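Thanks for asking me to look this one over. Here are my notes, point by point, to read alongside the structure.

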Amino acid sequence: MAAGDTAEIFVRPESIRLAASAEALSGFDNQLQGKVTSILFNGAASRVLVQDDAGETLEVTLPQSGEFAALKRGDAVHIGWGAAQATCFKGAA
């Protein structure tokens, strides 16, 4: 790939960190903000669907720490991940 090429990025849901503020993600290479569109409860495998500003939906594993117990649909959140956790493929032009 060359600079400026279109790319498709894949990141596993458990590799994405959920945060209430951008500052909490300052150590991550990639950061986005978005809104919660759905919360999928399934015990330790619970997930949150987050729609970013570009309209893309990302699936994020919900931490089991309880810090997001009050999270609801429509809430603004921040997400981030390290470059090593992403797989990149050349996208369609």
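The points below go from the whole chain to the sheet, its hairpins and the core.

1. **Overall picture.** Please keep in mind that this is a predicted model. The protein chain has seven strands and zero helices, so the pattern along the sequence reads β-β-β-β-β-β-β. Its C-alpha atoms fill a box of roughly 45 × 25 × 25 Å along the principal axes.

2. **Surface and contacts.** Of the 93 residues, 29% count as buried. The chain exposes about 6000 Å², with carbon and sulfur atoms supplying 51% of that area. If we take contacts between residues at least 6 apart in sequence, 63% of them join residues at least 24 apart.

3. **The sheet.** Five strands make an open sheet in the order β2-β6-β3-β4-β5, and the pairing is antiparallel. At the edges sit β2 (17–19) and β5 (57–61), each of which pairs on one side only. Ignoring direction, neighbouring strands in this sheet are turned by 45° against each other on average.

4. Three bridges link β2 with β6 (residues 76–81) in the antiparallel sense. Here L18 stands opposite I79 of β6, and both residues come up again in the core.

5. **The β3–β4 hairpin.** Strand β3 (residues 30–40) pairs with β4 over six bridges, again antiparallel. A handy landmark is K35, which stands opposite Q51 in β4. Six residues lie between the two strands, and G43 takes a positive phi near 60° in this hairpin.

6. **The β4–β5 hairpin.** β4 and β5 run antiparallel and are joined by five bridges, with V50 opposite L58 in β5. This hairpin has four residues between its strands, and G55 in the turn has a positive phi of about 90°.

7. **The nonpolar core.** Which residues touch the most other members of the largest nonpolar core? Among its 14 residues, they are L18, V48, L71 and I79. At least two core residues come from each of β4 (47–52), β5 and β6, and β6 gives the largest share, three residues. In soluble globular proteins, nonpolar side chains tend to be buried together.

8. **A closer look at V48.** Leaving aside neighbours within four places in sequence, V48 is in contact with L18, V36, S38, L58, E59, V60, L62 and L71. Two of these partners, L18 and L71, are listed with V48 among the core residues that touch the most other members.

Notes. Residues numbered from 1 in each chain as written. Predicted model: local features only at pLDDT ≥ 70, side-chain atom pairs only at ≥ 80, totals over all residues. Heavy atoms only, no water. Pairing = 2+ DSSP bridges. Axes fitted to C-alpha atoms, helices over the stretch in contact; angles between N-to-C directions. Core = buried A, V, L, I, M, F, W, Y, C linked by side-chain atoms within 4.5 Å. Buried < 20%, exposed > 50% of the residue type's maximum accessible area, 1.4 Å probe, protein only. Contact = heavy atoms within 4.5 Å. Areas by Shrake-Rupley, 256 points an atom, 1.4 Å probe, with all protein chains shown as cover.
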